[in-house]
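User: I would like to learn how to read a few features of a protein model. Please give the general idea each time, and then the case here.

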Protein chains: 2
Amino acid sequence: MRASQFFLSTLKEAPSDAEVISHKLMMRAGLIKRLAGGIYTWMPLGLRALRKVENIVREEMNRAGAIEVLMPAVQPAELWQESGRWDFYGPELLRFKDRHDRDFVIGPTHEEVITDVVRKDLRSYRQLPKHFYQIQTKFRDEIRPRFGVMRGREFTMKDGYSFHSSFEDLQREYRNMYDTYHRIFNRLGLKFRAVAADTGSIGGTGSHEFHVIAETGEDDIAYCPDSDFAANVELAEALAPATPRPAASAALTKVHTPGVKTIDELAAFLKVPATATVKAIVVDGDESTGNQPVLLLLRGDHELNEVKAQKIAGVKNPLTFASPASILAAFGANAGSLGPVGFAGRVVMDRSVAVMADFVTGANEDDHHFTGVNIGRDFPEAEIADLRNVVAGDPSPDGKGTLEICRGIEVGHIFQLRTKYADALNCKFLNEQGKEQIMEMGCYGIGVSRILGAAIEQNNDARGIIWPDAIAPFQVAIVPMGYAKSEAVREAADALYAQLTAAGIDAFLDDRDERPGSLLADNELIGTPHRVVIGDRGLKEGVVEYQGRRDAEATKLAVADVAATVIAKLKG
Amino acid sequence: MRASQFFLSTLKEAPSDAEVISHKLMMRAGLIKRLAGGIYTWMPLGLRALRKVENIVREEMNRAGAIEVLMPAVQPAELWQESGRWDFYGPELLRFKDRHDRDFVIGPTHEEVITDVVRKDLRSYRQLPKHFYQIQTKFRDEIRPRFGVMRGREFTMKDGYSFHSSFEDLQREYRNMYDTYHRIFNRLGLKFRAVAADTGSIGGTGSHEFHVIAETGEDDIAYCPDSDFAANVELAEALAPATPRPAASAALTKVHTPGVKTIDELAAFLKVPATATVKAIVVDGDESTGNQPVLLLLRGDHELNEVKAQKIAGVKNPLTFASPASILAAFGANAGSLGPVGFAGRVVMDRSVAVMADFVTGANEDDHHFTGVNIGRDFPEAEIADLRNVVAGDPSPDGKGTLEICRGIEVGHIFQLRTKYADALNCKFLNEQGKEQIMEMGCYGIGVSRILGAAIEQNNDARGIIWPDAIAPFQVAIVPMGYAKSEAVREAADALYAQLTAAGIDAFLDDRDERPGSLLADNELIGTPHRVVIGDRGLKEGVVEYQGRRDAEATKLAVADVAATVIAKLKG
């Protein structure tokens with residue numbers, strides 16, 4: 001493509017509402033234009049990258065045996081009422097009435113629609129399994145759309161739905177998609193991790209998220225560099241320490257700690273590390289335990305994991321912190337001075353607390369703590385549970401090393417929905433015995449437009465975007481210095497452009513009549529991974545300058561060799 | 001593609017809401033599934049055809065120099081208020097409020113959005129012209145969606161918008177698109193006509209519609225088989241007859257015509273042809289004429305063209321038929337007995353009436369008519385205008401033959417919008433003199449999903465669809481008789497499939513274990529243009545059966561020749 005026949009529109013400054021680097025760079029490079037909050041037009045340059053992602057996703061989904069369809073954006077409310085999500089889904093579900101006053105939604109997802117197609121059209125086990133997918137425009141009415149295409153309201157997704165005659169067959173397809181997603185994100189040229197995930201609001205059991213690794217990601221991921229273990233921090237198990245509990249050596253001593261409320265204040269006041277303290281958190285029990293408060297104990301430097309805590313039998317779900325009044329009634333003291341010593345109720349301690357000795361806790365008397373606290377001696381042995389978030393350095397749950405924590409941007413998600421939607425929508429088939437049976441379902445999403453934001457978060461520098469080869473709008477930028485003025489430059493640029501184009505390479509010939517500095521800056525901002533600069537001075541020596549977008553310096557190449565060199569880099 | 005890895009779902013009967021043949025066949029062949037009124041899921045087979053249309057449109061738009069973008073479906077109301085269409089557009093414009101109670105629409109068209117992009121991004125005449133297009137999902141809340149994808153609510157369109165520094169340059173691009181649309185519809189393999197059209201509600205001046213010719217079309221088109229003249233019947237000019245008015249030969253005679261109201265009744269009662277009668281239609285004049293009634297005279301067998309009538313100076317626009325009370329007041333008689341003799345008001349007669357003599361009209365007395373009426377003798381010479389729809393046999397306005405009338409389905413439309421939207425949205429550029437100037441605009445639409453319906457309306461028979469090669473979901477169907485049972489059949493079918501696929505042909509191998517009659521019927525219904533049937537009996541003689549979808553009979557081909565023969569047919 002020649003710049004003169006294309007449309008570039010770069011900006012010196014990003015708009016003030018752009019908070020993250022990918023949003024800033026997408027606006028500055030002119031990939032997208034804002035129409036309304038979370039709603040963008042894909043400009044020619046951005047659309048080229050979007051289509052490349054779509055095509056890789058499509059090719060790999062087809063190769064994996066999934067069949068492409070295209071479902072409507074507008075869906076009748078009846079199906080959402082039938083599945084129960086009409087009431088369950090929040091205001092992210094955009095609802096409207098048509099001219100005949102009938103309720104509709106703009107689809108944020110398509111479980112209902114595809115299940116409706118399948119229940120009407122597939123009858124026999126011989127027609128199963130089937131996996132239908134689409135690449136389609138979705139709408140979610142986010143309360144605070146931001147980060148450009150990473151949390152937009154209108155966006156492009158690949159969503160696939162598989163239907164099976166047995167759970168075993170669903171598991172087979174789930175593994176097939178797990179592998180397919182690895183192929184897709186590898187082909188896209190992204191650093192990513194598949195992590196075990198909570199299933200969130202989409203429902204069902206068994207799921208993995210696919211995260212692009214980036215410092216600016218919204219999710220904390222615990223992973224093991226020595227194995228393929230990875231999980232959301234909320235879900236990763238904190239193993240019990242391998243070391244046994246030391247013997248008690250200090251006496252239980254009550255200390256006046258005036259005004260000390262937090263672990264940091266306590267450690268500073270007593271001049272002990274936070275790891276020698278134990279924090280006490282009081283939550284409500286559920287009806288089975290007469291709603292009695294439950295005391296949770298964590299090492300001072302650890303964070304409570306609420307997902308884990310609310311899974312403990314007898315603890316109220318969702319987790320509810322005890323009110324100040326009920327704390328005072330049960331402990332005779334206020335939060336900040338609580339501890340297990342003398343507390344007659346239920347105590348659950350984290351695995352890390354269970355191996356501590358001679359530690360510090362609140363004394364159940366305002367402005368007082370105990371030092372030299374020991375389990376069994378000063379309060380009864382208590383229940384032990386995994387209550388905390390993992391931290392870097394924790395042993396990996398798969399026993400293969402220690403955990404690291406990184407941040408990720410979720411770009412894919414695979415679920416074993418099981419029979420959640422098939423039950424609700426009565427999606428049945430006749431099994432080999434001729435009996436009706438509910439289908440097993442999986443669903444598999446990729447945030448196609450979000451991938452572009454994530455790719456830029458992972459690949460950028462002070463000068464702009466650094467596209468992976470596979471999804472760059474253009475693979476090579478030919479930047480002539482003086483295309484309009486120098487016949488030699490023009491001829492060399494045109495010849496290289498013709499050679500690369502003939503080899504099937506997406507070349508961009510920047511034939512705009514702009515200052516050299518502006519041409520170079522624009523092409524770095526745009527992030528084309530390979531660049532060839534052609535100038536009169538070099539041509540006199542028979543050379544042009546090649547520079548990879550990540551290269552510190554340019555390399556001189558003979559004019560005769562440049563096409564072959566670039567082609568080898570791209571096809572090698 | 002193998003049927004076993006695909007999804008076919010044919011029906012014996014079309015659903016009862018399918019009125020036209022393309023809707024019936026699309027449902028029966030399983031190309032689409034209905035989700036709600038005018039809202040369909042594209043099933044795998046239909047989506048393949050849709051994508052082929054999209055790709056041809058995209059290739060030709062790119063070749064013509066247009067640049068692809070992708071605009072949002074959801075648009076803020078502010079832009080529509082700014083253009084004035086928020087008030088002007090009817091309930092087809094789907095309006096809704098987001099969670100923050102702000103007004104939005106689901107875009108039925110994108111003039112506002114693209115003009116907003118351009119006014120913010122293009123400043124100089126040096127950046128013009130630019131033509132942006134997209135292939136995108138639109139929504140129009142039709143009051144009565146029907147005919148399947150031909151008048152759906154959610155549909156796929158190609159819409160392009162060009163911006164120019166002068167009217168001359170807009171005209172150049174308009175011609176470019178006129179030619180591009182011809183290339184597109186030719187490549188799609190459709191019989192079509194470009195017709196001069198009214199601009200309808202989209203506004204502006206100067207437009208052509210592109211119609212696929214089909215008996216079931218909704219629009220009447222007048223065309224000249226001997227030239228490229230074509231126009232909507234409403235817009236085609238009815239030339240004045242070349243013959244002069246004969247001399248009067250009959251006396252004016254009043255006849256009692258009890259109960260005679262219509263021209264048919266009158267002609268039957270008087271035993272004269274309808275061509276010897278003149279009908280009188282009374283419409284309101286506008287304020288410039290004091291709202292006085294205007295009498296329009298047409299030959300009895302002709303139809304009033306309201307578009308033409310309301311363009312007459314002094315006639316109320318939009319055209320309004322006079323009320324019974326005002327007719328009675330002005331003529332002393334009721335409709336059905338009216339005429340020019342004795343009427344003192346304004347009379348406008350059609351060109352065909354102006355050359356009549358000795359004709360029949362109402363006598364302005366209930367249940368009475370005059371015979372032997374003559375212009376000038378019995379009432380004053382009146383204004384002459386083109387007031388009627390053309391009919392088959394009329395001279396072509398370009399003077400190159402006589403007109404035929406056919407029916408068409410509108411699948412494309414090109415407009416010279418001029419400055420309608422650029423004015424409203426203040427879309428300006430700096431001209432060569434450094435002065436601000438409003439841009440000239442063109443817009444160019446193709447009903448991408450509608451094309452599939454139109455193609456089927458034009459190409460079908462009692463057995464099903466007959467796809468043009470270019471947009472067929474599959475180009476060749478390989479139909480083995482006994483794929484599961486006969487190793488010889490299976491090997492021959494697999495070998496042919498491999499050969500055709502390797503040659504880049506979209507082959508469909510129907511490896512389903514169904515009865516031969518069912519396989520053949522399904523493949524005819526689906527409409528694959530070329531078919532090879534492979535059976536044990538033929539293989540013993542070394543032959544298979546080739547049949548084009550329009551061929552009356554199959555042709556035996558040697559097994560060794562069949563791939564080459566089919567490839568030659570498809571690649572020309």
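User: What rotation superposes chain A on chain B?

Analyst: Copies are superposed by least squares on the C-alpha atoms of residues with pLDDT of at least 70 in both. Here a rotation of 180° with a shift of 0.2 Å along its axis brings chain A onto chain B, at an RMSD of 0.3 Å. That is how a two-fold axis relates two copies. The C-alpha of A:Phe96 is the one in chain A nearest the axis, 2.9 Å from it.

This is a predicted model, in which local features need pLDDT of at least 70 and side-chain atom pairs count only at pLDDT 80 or more, while totals for chains, interfaces and linings use all residues. Residues are numbered from 1 along each chain as its sequence is written, chains are lettered from A and ligands numbered from 1 in the order in which they are written, and side-chain values use heavy atoms, with hydrogens and water left out.

User: How many residues of chain A are in contact with chain B?

Analyst: Contact means heavy atoms within 4.5 Å. By that rule, 54 residues of chain A touch 54 residues of chain B. The copies meet through the same surface, because 100% of the interface residues of chain A are also interface residues in chain B.

User: What area is buried between chain A and chain B?

Analyst: Buried area is the accessible area (1.4 Å probe) that two parts lose on being put together, summed over both. For chain A and chain B that is about 4400 Å², with 63% given by carbon and sulfur atoms. On the chain A side, A:Leu35, A:Leu70 and A:Arg99 lose the most area, together 17% of what that side buries.

User: How many salt bridges are there between chain A and chain B?

Analyst: A salt bridge is a side-chain nitrogen of Lys or Arg within 4 Å of a carboxyl oxygen of Asp or Glu. Between chain A and chain B the count is 8. A:Asp98 and B:Arg153 form a salt bridge through their side chains, at 2.9 Å from N to O.

User: Which charged end sits over the ring of B:Phe167?

Analyst: A charge sits over a ring if NZ of Lys or CZ of Arg is within 6 Å of the ring centre and within 35 degrees of the ring normal. The charged end of B:Arg418 does this at B:Phe167, 3.6 Å from the ring centre. In chain A, A:Lys420 lies over the face of A:Tyr421, 5.5 Å from the centre of that ring.
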